[in-house]
Amino acid sequence: MNRLTMPWDVMQFELRRSFTMGRIAMWFALVAFPVAIIATMRGIALASSANKFDPAEFIEPFGFTLYFLVPEVTCLLGLLLWATPAISTEIEGQTWVYLALRRSGRRMVLFGKYLTAVVWTLSASLVSTAVCVWLIGTDVMLRMWCVMSVLAVLSCLAHAAIFLLIGVLFYRRTMVSAVLYTMIVEYGLSFVPALVNKFTINYRLRGLLANWMGWENVRSNAENIFGSEPVSTHLMALSALTIIALGFALYRVEYAEYPTQQEG
Amino acid sequence: MIELNHVSKMYGNVVGVNDLTLRIPRGAYGLIGPNGSGKTTLINLLIGHFRPTLGSLQVLGTTPTSDRRLLRRIGLCPASDVLYPNVSALEWVRYQVRLHGISRRECKSLAEEALETVGMTSAMHRPMGTYSLGMRQRTKIAQAIAHQPELLILDEPYNGLDPVGRNDMTQLLKQWTRSGRGLIFASHVLQEIESVTASFLLLHGGRILASGTAQEIESILTDTPQEVFIKGRDAAKLIHRLADVDWVDALQLNHGKNELRVSLREPAEFYGRIASWIRDDNLAIDQLQTPDGNIEAVFESILRRHRGETS
């Protein structure tokens, strides 16, 4: 029980020490960014259709945009800031040695930082999703909010694990490596109509979006992008990716020899 | 307490420590060496942060890299500073203790006790960003002793401490040593270590040059070629004495003729005779400066001995 609550204590400490004006401003920016885009889109739609604006007619464009803005962009940006530099900031701040010296330091700290990244990013994503769905104002508002929220949860859990692994493996060029991964794999390969896109997180999230929103036409017209697999396959693939990435990161950090300071 | 068996650590092509073989029983030891001598590498090996490239080591009867439970028995105060500006000392020390798997309630009392020991009770609720260097140093010591380890390893613990702080630290370390617990104390200032312990390990270029008590090291030094400075109005008058003996390699008098540099092959002979020469010739000599306390000179002397330049 004592060790089980340790990641929670790490998370508390991490959130406490990161409670700075910069981080709070970033949180609000992540919330505001999708809201501003959706509000602009709604304004344009309202202006173009005069008084006959029916949100139900725009459900798919609004839905895709919201999906792209929150589970794909907001979540990834937040996690890039929190999960990726989990190790490199400690190494650069020369505080890694203090953590590595603790009996449960390495794994618990990494897992605690993973939870912190997920909680911080998810809180911004969920608030943003709620405001955006309310702005769109369709009759399927509740369903869209539920779907987008679950997708944000899955996106945060999976992407945080991947970014954490990148941070553990490439502690010197962490951000560059993570951005390259995001651009090439998640925004590039996930759209490639080949077997390789099935190993990306965004492909699985898009498949779940189409499934849960019941957009069968969209799926049949763009099967390479949205997939044709059932929900269970997508969930299993996401779970496997998350567990493998997180497990490997936790294994690697236990045996890694990171530099501590200038040699003396 | 510590056993090293032909331990080497390489960073690519760079040697961190080179073929260290050592066995030291429980006690207090000063690890002394200039910057880049391998002190921090050795410490990182002792705490299991690094694996030896070659050889094996045991600390408190356990291999550090294979048994993480050992870390509960070791306290380390690294030389690097702590950079958590908006966290208080109490929060940080409690967090560090918690990472050992100690219960939350116990963590708080252990952290408070350790901070009290280092005299940080009144400031322990303040953010660490408001601390002076000396206060941060005390906080670092607190995190090292808070979980009550058997072996305490300190890397340059006097950094940033004022004279009062240095005295307090010396008393704390003496008390620690008296309690029968182990202490490894790395520094490049001989006097700092000497105030706490009489046992030394001299490290240079990743190798142990010498080990033993201060007296033993002094004895090595007296048998090792070294340079001595004689300062005073009559320093030049010693030249005729020193020129006649075969254990002096070189003599150099400065322009003011009040400082004589003597390169000695057999310092013991010099120390045996210099006092009687000064007395017999009734010379005014103000100062005799030996390499003691000057770490670079000590290492230079011992290195010359290692290179076989001594007779």
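What follows is a short exchange on labels and the values behind them.

Tutor: This is a predicted model, where local features need pLDDT of at least 70 and side-chain atom pairs count only at pLDDT 80 or more, while totals for chains, interfaces and linings use all residues. Residues are numbered from 1 along each chain, chains are lettered from A and ligands numbered from 1 as written, and side-chain values use heavy atoms, with hydrogens and water left out.

Student: Why does A:Y255 count as partly exposed?

Tutor: Buried means under 20% relative accessible area, exposed over 50%, and partly exposed in between (1.4 Å probe, protein chains only). A:Y255 has 38% relative accessibility, so it counts as partly exposed.

Student: Which helix gives the most to the nonpolar patch in chain A?

Tutor: Helix α12 (residues 231-255) of chain A, with three residues. A:Y255 lies in that helix.

Student: What makes strand β6 (residues 151-155) of chain B mostly covered?

Tutor: Five of its five residues are buried. B:L151, B:I153 and B:D155 are on one side, with B:L152 and B:L154 on the other.

Student: How do you know which strands pair with β6(B)?

Tutor: Two strands pair if DSSP finds at least two bridges between them. Strand β5 (residues 74-77) of chain B has four bridges to β6(B), in the parallel sense. Strand β7 (residues 182-187) of chain B is also parallel to β6(B), over five bridges. Both pairings therefore meet the cut-off of at least two bridges.
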